[in-house]
Structure formats: C-alpha cells, structure tokens
Amino acid sequence: MTTATKPSFVYVTYIATTPEKVWQALVDVDVMRQYWVGTKAGSVVRVNVSDWKPGSSWTHERLDDSRTVDIAGTVVECEPPRRLAFTWARPAEVDDTSKHSRVAFDIEPYSDGVVRLTVTHDGLEHDPGMLNGISGGWPQILSNLKTLLESGHALPASVAAA
Amino acid sequence: MSDLDKVFKALADPTRRRLLDLLHADNGQTLSALCEHMDMTRQAVTQHLQQLENANLLAIVWQGREKLHYLNPVPLHEISQRWISKFERDRLDLLHTLKRNLEDDHSDKT
C-alpha cells in the first residue's frame, strides 16, 4: 500500500484457485450473486455494478425487484487480475468525496495453486456506524467467496434468492 | 498441520488471545504499542505474533517503515460457520446480548 492513511480493517484469506478466477468473482455480476450474501436467514443478495474503468461510478445494489442502491462510489484502480480499488459511500453522500472511504482488493499468487486475497478498508475512522456495519460483513463475503471458488458450488441461500 | 489446527493452536494460549483482544480494541498497532501492554520481552511478543500470523489470525500492513498488526477474523468466521447454521444466528445474537446485559460485560476476557 502506498497510501499514507492507516487502514481501518485488513482481511486476508487464502483460496485454492487462480488469480483470474478471483478477479472474475470481483467484477462479474453472475459470479457475485453466488456469494455476496450475509449469514442470517433472509439476507438479501447484493451485487456490485460498474464497467470497472478508473473514474467510472459503481453501485452496490440489492438483487431483488427493488434494486435498491445501498452503497455507491467511484472506481479508482482496476488492474486485472491483481488490484481493484474503489471509493465507498452512502448514496446520499456520494457527491461529497470527503465522506467516501476506500476499499482495495489485492490478489497475489501465494504458493502452488493458492491465491492470497487481501481486502483493505480505510477512511472509516470518522464513521462508526459504517465501521460497525462493514466489520461483520467482509469476513462473511470472503468466506463465501472461498467456499464458492474451492467447491465450485454456490451457497444454499444465494440459490434460493437467485 | 492443517490450517484449522494452526488456528486452534494459536488460540490455545492466553497471551496470544490477549494480543488479539488488544487488536480488537485498537486495530493496526505496532509491536512497540503492543509491548506496552504485555509483561514480557519484545522478542517473546514477536514470537507470539509470528504464530498468530502463521495461523492467518493477523494481517500485516507496512506503512512507511512501520509494521502494523491487524486482527484478521476470517479464520474465526469460518469456524463459526462450520458449526452454526444461519437460522440459529438471530437467536444466538439475542442470547449473547441477554448474557452480556445480565453479566454487565466483564466476563470472557481470558
């Protein structure tokens, strides 16, 4: 990381797969819908929608009839299959960049057939509400993603919701 | 040793659980900051941190020349998912909140 800000959270998981498959899981809605869901019963599947070009907008949308946008921001870096970074804001605050926090995914080959995926979220220190909300969320998403890529099977909840 | 064995072995030691507690309270600390709370040599703390890192319970971020330690809860999450079904989570949350309120939140620290 070259940024001078100290991350609020860093999450690491090792996945027996290829960097390309992890990358596809981060940018392809059809893969995202299979793992981007919480643990609790009744959790809604959400997906991240963008053309993933630096400077483009992205939205974190519910995959139901409402298509409610819960989070939005701007794509900052997109280097397949190594690094994806974007800003993160409530939809009502998306025009005020001082309210944005930052998320980065780093994908590194670790050992034979294993990829290290690191998610860093920084800029949350002034937003305890968001910090609380996301701190339970990321481990869940990463754990789901690992299960999906290693087993090739979607999680039961996302099948029900799809 | 399997990944899961490493996690349980790392958690089996009260000093290492204390280090995780310190990071849970204030994430992203340096070795020096952590040592202030620990009654042991810097070298001993380093070894405990190394074991936590090997178990993937710690993530390291370099900020300039500072090495920052982050609690990585992903392996713990995987353990809880293994034995807790999603339909139990709301009930367990309620039970946990009830216990905490009744006990005034000073238990479970070791």
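Trainee: What pattern does chain B follow when read along the sequence?

Mentor: Chain B reads α-α-α-α-β-β-α-α, with six helices and two strands, where helices (H or I, at least four residues) and strands (E, at least two) are DSSP runs numbered from the N terminus. This is a predicted model, in which local features need pLDDT of at least 70 and side-chain atom pairs count only at pLDDT 80 or more, while totals for chains, interfaces and linings use all residues. Residues are numbered from 1 along each chain as its sequence is written, and chains are lettered from A and ligands numbered from 1 in the order in which they are written.

Trainee: What makes a residue of chain A or chain B part of the side that touches the other chain, and how many residues of chain B are in contact with chain A?

Mentor: Two residues are in contact if their C-beta atoms, placed from the backbone, lie within 7 Å, and by that criterion 18 residues of chain B are in contact with 18 residues of chain A. On the chain B side, strand E1 (58-63), strand E2 (66-71), helix H5 (74-83) and helix H6 (89-103) each supply at least two residues, and H5(B) gives the most, with four.

Trainee: Which classes do the residues on that side of chain B divide into?

Mentor: They divide into seven nonpolar, seven polar and four charged, where Ala, Val, Leu, Ile, Met, Phe, Trp, Tyr, Cys and Pro count as nonpolar, Asp, Glu, Lys and Arg as charged, and the others, Gly among them, as polar.

Trainee: Why are E1 and E2 of chain A called edge strands?

Mentor: Strands pair if DSSP finds at least two bridges between them, and strand E1 (7-15) and strand E2 (46-49) of chain A are edge strands because each pairs on one side only. The open sheet has seven strands in the order E1-E7-E6-E5-E4-E3-E2 (chain A), with antiparallel pairing.

Trainee: How do you know that E1(A) and strand E7 of chain A pair, and in which sense?

Mentor: Eight bridges join E1(A) to E7(A), residues 114-122, in the antiparallel sense, and the definition asks for at least two, so the two strands pair. Within this pairing, A:Phe9 stands opposite A:His121.

Trainee: Which strands does E5(A) pair with, and over how many bridges?

Mentor: Four bridges join E5(A) to strand E4 (residues 69-79) of chain A, with a hairpin of three residues between the two, and six bridges join E5(A) to strand E6 (residues 101-111) of chain A. A:Leu84 in E5(A) stands opposite A:Cys78 and has A:Phe105 as its bridge partner in E6(A).

Trainee: What makes the largest set of nonpolar residues a core, and which residues have the most contacts inside it?

Mentor: A nonpolar core is a set of buried Ala, Val, Leu, Ile, Met, Phe, Trp, Tyr and Cys residues joined through C-beta atoms within 7 Å, buried meaning that 20 or more other C-beta atoms lie within 10 Å of a residue's own. The largest has 50 residues, and those with the most contacts inside it are A:Tyr11, A:Val22, A:Leu117, A:Leu142 and B:Tyr70. Helix H3 (residues 128-151) of chain A gives the most to this core, with seven residues.

Key:
A residue is buried if 20 or more other C-beta atoms lie within 10 Å of its own, exposed if 12 or fewer, and partly exposed in between; C-beta atoms are placed from the backbone.
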